[in-house]
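Hi everyone, thanks for coming.

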Amino acid sequence: MNISPFIQGLPKAELHLHIEGTFEPELMFAIAARNHVELPYASVDELRAAYEFSNLQDFLDIYYQGMNVLVTREDFFDLTWAYLERVGGQGVRHVEIFFDPQGHTSRGVAFGTVIDGIWAALEKGASELDISFRLIMCFLRHLDEDDAFATLEAALPYRDRIAAVGLDSSEKGHPPSKFTRVFAKARELGIPAVAHAGEEGPPEYVAEALDLLKVKRIDHGNRALEDTDLTVRLAKTGMPLTVCPLSNLRLCVVEDLDRHPLPAMLEAGLMVTLNSDDPAFFGGYVNENYQAMKDHAGLSDAQLVEIAGNSFQAAFLDEARRKTLLDELAAYAAKSGVR
Ligand code: HPA
Ligand code: ZN
């Protein structure tokens, strides 16, 4: 996909990005080799050819298999640094990355190994690339409440590094209500929440995320549009949605990009942001998602600026940095003749 120079330079934040979903096949094979772990594919090409998904679960099966090769602090560092180096050239000025500790602790990798590796790369990205960051710890919703509680407990020594908790993995049959008490505990600790909702699950899951988990953002949220009252509520409260068009296409949440609900979301006055979700698996990083919506949903450059502005407004940023980034965006738009 050709990315327009305007999108390439547009200052933006990425708010919906699973760090394990940035694992490119080449790096996966390199790390597997150094850890003497076998991947069930003969080559990078064979692995890539397996990236044909008909739903979320198809993808998750391959996603969890891929992360099995991550063992050492260096592995988590290399994974995170590869992502930052890549998006540093794409106008990405702030990242809020998800990680799935249970995908690693369940295999005997220590929580500290995971977070130390990711954190060191994020700090390097801040100092060398001027990309600010936040880390969001996700609970795997297909696992039980006790497992989530144990994960929250394991995170306590790293409390100052956790900007928010999130909820991901298999949505259908695992409603937000399953984790009401865990999120209440996180809230008691002063940790805000986000949650995947309304990707494959019904609008009721979006309402539960708001009412029971008290989320500050909804990840995806596409199916909220099926419920008019809920849509009005999201619009009135300015609840941010982290929308991921290429993910939606590859997981068959939408039939094709021409029918993506983004225009309807904007029409309804929703506060949308554009993100990549699991870029190594879905055929594009954040700029490809912006470009796809320009090409298929007919978004104007002014609308792309508005969406980039939303990404800074919806971020867990301190106010000084937020102002710096919003000013940078305004200057870029003015220089580009967009108003
Ligand atoms: N949905 C739910 N869980 C996930 C996703 C997603 O798109 N990506 C990684 N874990
Ligand atoms: Zn996601």
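Which residues in α16 meet which residues in α17? V305, A308, G309, F312 and Q313 in α16 meet R322, L325, L326, L329 and A333 in α17, where contact means heavy atoms within 4.5 Å. By class, this contact has seven nonpolar, two polar and one charged residues.

A quick word on the model: it is predicted, with local features needing pLDDT of at least 70 and side-chain atom pairs counting only at pLDDT 80 or more, while totals for chains, interfaces and linings use all residues. Residues are numbered from 1 along each chain as written, ligands from 1 in the order written, and side-chain values use heavy atoms, without hydrogens and water.

Back to our helices: α16 spans residues 301–313 and α17 residues 319–335, packing at about 170° with axes 9 Å apart. That makes α16 roughly antiparallel to α17, a label for angles over 145 degrees.

Now, ligand 1. Polar contacts here are N or O pairs within 3.5 Å. A polar side-chain atom of E199 lies 2.8 Å from a ligand nitrogen. For D277, a side-chain N or O atom is 2.7 Å from a ligand oxygen.

Definitions and conventions:
Axes fitted to C-alpha atoms, helices over the stretch in contact; angles between N-to-C directions. Helix = DSSP H or I, 4+ residues; strand = E, 2+ residues; numbered from the N terminus. Parallel < 35°, antiparallel > 145°, perpendicular 65-115°, else oblique. Nonpolar A, V, L, I, M, F, W, Y, C, P; charged D, E, K, R; others polar. Polar contact = N/O pair within 3.5 Å; in protein donor to acceptor, adjacent residues only side chain to side chain.
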